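Biologist: Please take me through this model step by step, with the cut-offs stated as we go.

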Amino acid sequence: MTPAVNEALENLSRAASADGALPEVTEQLIAVALAHVTQCPYCFQGHTRLARRKGNSPEEITEATWVAAEMRADGAHAHSTLALHAMGETEPRH
């Protein structure tokens, strides 16, 4: 990655996580949950550390990860209906 692109990504990260309508402590919990949904190990390690530094408790972080797990499971369940419909539309080949 070029230095200019890296700097741009770092600036985006700082701007996105700055206090605004949501406090940074809340934004870090969202980032922890999204990191688990996107399955980025570097992201969930980094955002978990940031969440702790910003004041989130271990219980809050754990709950955010369970919300993420539930959302990911819902997605898998919803997509499974597409496969079930596809099976119902196709006759087995003999």
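Modeller: Helices (H or I, at least four residues) and strands (E, at least two) are DSSP runs, numbered from the N terminus. This is a predicted model, in which local features need pLDDT of at least 70, side-chain atom pairs count only at pLDDT 80 or more, and totals for chains, interfaces and linings use all residues. Residues are numbered from 1 along each chain as its sequence is written, and side-chain values use heavy atoms, with hydrogens and water left out.

Biologist: Which residues is E24 in contact with, leaving aside its neighbours within four places in sequence?

Modeller: Contact means heavy atoms within 4.5 Å. With those sequence neighbours set aside, the partners of E24 are S17, D19 and K54.

Biologist: Which residues form the largest nonpolar core?

Modeller: A nonpolar core is a set of buried Ala, Val, Leu, Ile, Met, Phe, Trp, Tyr and Cys residues joined through side-chain atoms within 4.5 Å. The largest such core has 7 residues, namely L29, V32, A33, A51, I61, A64 and A68.

Biologist: How far apart in space are T2 and A51, C-alpha to C-alpha?

Modeller: T2 is found in the segment before α1 (3-17), and counts as partly exposed because its relative accessibility is 45%. T2 and A51 are 49 residues apart in sequence, and their C-alpha to C-alpha distance is 28 Å.

Definitions and conventions. Buried < 20%, exposed > 50% of the residue type's maximum accessible area, 1.4 Å probe, protein only.
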